[in-house]
Amino acid sequence: MPLLVEVGWGGLVQFPDTITWTDITQWVDGVNRGVTIDRGASDELSETQPGTATLDLDDQDGRFSPGNASSPYFPFVRTDTPIRIRKVVATKNLLTNPTFEAGTAGWALGSDVATSFAQSATHVQQGTKALLITWGGSFNINPTFESSAGSWTGNTATIARVNTQAHTGSWSLQVTPNGSAATPRAESEKFAVTAGTTYRAVGWLRCVSARSVGVNVNWYDASSVYMSTSFNNAAVPANTWMQYSQTFTAPAGAAFGQLAPTVNGTPPTSDLLFADDVRMLGATGNEFPAVGTTVYGLNIGQQYTASAYVWVPTGSPAVQLFVDGLSAGSASTTFDAFQRITYTFTATSTSHVLQLIPAGNPQNGKQVWLDSVQVEAGPVATTFDPVGARIYDRFWGVVNDWPVDWEGLEAKVTITCTDLFKRINLLPPLNSMLVEETIEQGPVGFYPLTEPSDSTSAGDLSGAGAGSLSIQQAGSGGTLSLGSASGPAATGDEVATFAPVSATVGKWLSGDMGENARATLTEWWPVFECWFQTTTGGRAMMGLASVDLQTQHVLSLSASGQLQYEWTNSGGALTVVPVTGATGLTDGNWHHVVYDQYTNYTYLDGVLVNTGVAVTFGYEQRILHVGGYRNTRLWAGQIGYAAMYGVSGPAGATLAEHYTAGTTGFEGEDADVRIQRLARYAGLSDVTVSGSTFDPIASQGPGGSQVMARLREVEATESGKLFARRDGYGLAFQSRDLRYNPTPVGESFQIDYADVEPGTSFKADDQKMVNSVTASRPGGATQKVTAPSAILAFGAKPQDLQILKTSDNSVLDAAYWLVSRYANPGPELREVAINAATLAAHEAILAADISSYFTVFNLLPQAPVLSARVTIEGYTETLKEREHEIQFHTSTTTNDSVWILDDPDYAVLDSTTRLAY
């Protein structure tokens, strides 16, 4: 089981797509210390902890020394570098996808983006699928001619020799009537073409360096010849001659030119470089037509043989196997039938890229079928193994530091790594859910107005760089206090109070949001959002204007308390448009408004109220007013959470959900939905949810807690499990019913007691005992559940349970669930130590994770049972080249058993009679 350690130099852990993994296994001490990983929890009543990994790296050449400019990884040897640790298991074939039966996973293009591949059932060597590769490179010449008045002398033209610069290429053209053999032309020989005659042009190209396709080199001489050479994304290797041919029919008045002396060597006898008339087309990059896969688990210095079956149709180029960084095998020789091609190589790294490449000139649209690919140890290809290699993830996280140390003269780096929980634990406290939801939607300016009451300006929390809003004065008198009044019910925030003397005397907020806001709101459709409460009509809550006031848009209330929209795009008087259905808004209650100019829809308090507010799109707007508009209609009451967005599509319905965030904090949504919502606040979109029973969760609206604390609240309320995944940047959340009633069918593996290692032990104590629970929820009753017989026998073992349930009955159920499981816990196998590398079930062990379960059988007669089924809560493991020591922290599965009527296993009195919760 080879170890596989990869580092994502320069990649950002929060953006996995930016990570390109580099195999550093050859520098890992996998023989002496190995890699040690801790993951999960010590028992089922404890929270899962941040996973950690520790390993030693050989730093003799300084490649892992931070700040070392000679390191091949400089300057990316730094804190928080992504790292992943895996194990490779293979019987013989080291390829992870050798047959394409299940798809094309693991295979990728070389640099020729025009080449493509897909599953195919047309030509199959084994099974039902093969890989069809369609080459994208075409080196055919496609000559075309244009003539201009006075450009020809008879039917001949002379083209001078020039340096073509960008592609550093040289042509040698042989032109002859089609059907005749092309013969080399003598140097400086002129030749003519006859209009209407079909010719065959044979050309050679040699690039001094690999051609950078995508560079359009255009030289055009109106008095000469225009020739278009289209390469269709194909690459020309450095210092290699390539021969191409194409037939064409000469148009009237057209002629080729004369040959110039060769300078780039053989095989061409002469070169033709076109002056002012060459155009090269292609895609960006130095392209190389290839399709390949990475082979892991190699031993440096060991000989391996790669083999593959290929079907090459007549007319397509032969193909060969190529190992990146080494060389290529012999080209195929068979057409229209499968042929096994091979290449034997000696590994210079613990991983190599194996590719299939064209042996000759790839031509656009030409194809080859690939199947039954194998890489195996040894000098010859043996019987094909379709199973291939399996790679098991053990750890995914970041490197905490790169401390360089020495043992004598030998330099080493001992690194410690932590999984995703590290990043989450370091995040700052959350704002209210309303603020977090708003920020997540990407406003160009967002002003909660929650600053301290003595602040004289209000800041932007969008992160888009909008300018602050300053307090403005109209006339003399009135007050404006930021952060002075209770905001919407579920926020826990204090927002701004506006108290003017009159509609024209008092204070409001105004400021220049800046160039980014102006550009965004001009390119995209503006959306207005804010919260307000008042008992006074005829006032403006927010307005947006261009610097020259040519464009103005205002959200306001009429004298009767109806929402209205005011606008101009000419600098004239504002046109007032009442919003139908948005009346009675001077009732002193909090209201939430979203106006989406993309759809002209208005949402009030989370509901679509009007679809007919027709307003002309505005440009160059950047000056924002809140709590009044330009010295008048000054707001009397409270305003908070004013936001501006620039959108390219409908956004109002999504933003209308902010009303629920502000009023209830999403109270009542299920635990799995809440976990995913909180994860998004932490910048995580990848949450794997398992199980089916998820209870409604109470509000978590107010801010102040860290996101991990919020996640833990949901985990505890659900009696579930939350942990960082070991296969990528994501979380896993399991409901409690995932563990209900484990059966032999669902077991991950079984272990004979004879195969366990020292450290395996039973426990029978009161460590987990809970026989009295006092439980409560926010805004609900405090309730108590006890197990009197257990209290009598063992004394009180109490526990307080504060959870985010939405009903008192749910709290009672949770309390009963805890007492019924732990009032009198029996003996259990809490630690199981094994050496997985020596066991037949080692792959099942590698696949097992938190909440998987297994059985230890043939226990000794002194044990309380002869076999014990246990659930994995966590583990500590040490991975080496030929060893895998792992100590599972386990709990008895019977703790999670629930009652099933008349079931022989799950209807046992005083054992499995607890009701499901």
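**Note on the predicted model**

The model under review is a predicted one.

1. E620 sits in the loop between strand 36 (607-610) and strand 37 (621-626). Its phi is positive, near 60°, and E620 is a residue other than glycine. S372 is placed in strand 19 (residues 367-377). With a relative accessible area of 0%, S372 is buried.

2. For the chain as a whole, there are 10 helices and 50 strands. The protein chain has 917 residues, and buried residues make up 52% of them. Among contacts between residues at least 6 apart in sequence, 73% join residues at least 24 apart.

3. Which residues touch the most other members of the largest nonpolar core? They are I424, L711 and L731, in a core of 48 residues. Helix 6 gives the most to this core, with 5 residues. There is also a second, separate core of 40 residues, which includes A466, L509, Y565 and V626.

4. Of its 11 residues, 8 are buried, so helix 6 is largely enclosed by the rest of the structure. The buried ones are A671, D672, R674, I675, R677, L678, A679 and Y681. They pack against helix 2, strand 39 (687-690), helix 7 (707-718), strand 40 (721-724) and strand 41 (731-734). After helix 6 comes G683, with a positive phi near 80°.

5. Two packed helices are described by the angle between their axes and the distance between the axes. For helix 2 (residues 433-440) and helix 6 (residues 671-681), the axes come within 10 Å and cross at roughly 65°. The crossing of helix 2 and helix 6 is left-handed. On the helix 2 side the contact involves M433, E436, E437 and E440, and on the helix 6 side R674, R677, R680 and Y681. The residues of this contact divide into 2 nonpolar, no polar and 6 charged.

6. L738 lies in the loop between strand 41 and strand 42 (749-752). Is L738 buried, partly exposed or exposed? L738 is partly exposed, with a relative accessible area of 38%. Leaving aside neighbours within four places in sequence, L738 is in contact with S690, G691 and S851. L738 and T693 are 45 residues apart in sequence, and their C-alpha atoms are 8.3 Å apart in space.

7. Strand 44 (residues 772-776) pairs with strand 45 in the antiparallel sense over 4 bridges. Within this pairing, T774 stands opposite K784 in strand 45.

8. Strand 4 takes part in two pairings described here. Strands of a sheet pair through backbone hydrogen bonds, either parallel or antiparallel. Strand 3 (residues 35-40) and strand 4 (residues 49-58) run antiparallel and are joined by 4 bridges. D38 has T52 in strand 4 as its bridge partner. Strand 4 also pairs with strand 22 (residues 410-419), in the antiparallel sense over 7 bridges. T54 stands opposite T416 in strand 22.

9. T54 itself lies in strand 4. T54 counts as buried, because its relative accessibility of 17% is under 20%. Not counting residues up to four places away in sequence, T54 touches R33, G34, V35, T36, T414, I415 and T416.

10. The bond that joins F74 and P75 is cis, with omega about 5°. P75 is found in the loop between strand 4 and strand 5 (81-89).

Note on methods:
Residues numbered from 1 in each chain as written. Predicted model: local features only at pLDDT ≥ 70, side-chain atom pairs only at ≥ 80, totals over all residues. Heavy atoms only, no water. Pairing = 2+ DSSP bridges. Axes fitted to C-alpha atoms, helices over the stretch in contact; angles between N-to-C directions. Left-handed = near helix turned anticlockwise from the far one by under 90°. Contact = heavy atoms within 4.5 Å. Nonpolar A, V, L, I, M, F, W, Y, C, P; charged D, E, K, R; others polar. Core = buried A, V, L, I, M, F, W, Y, C linked by side-chain atoms within 4.5 Å. Buried < 20%, exposed > 50% of the residue type's maximum accessible area, 1.4 Å probe, protein only.
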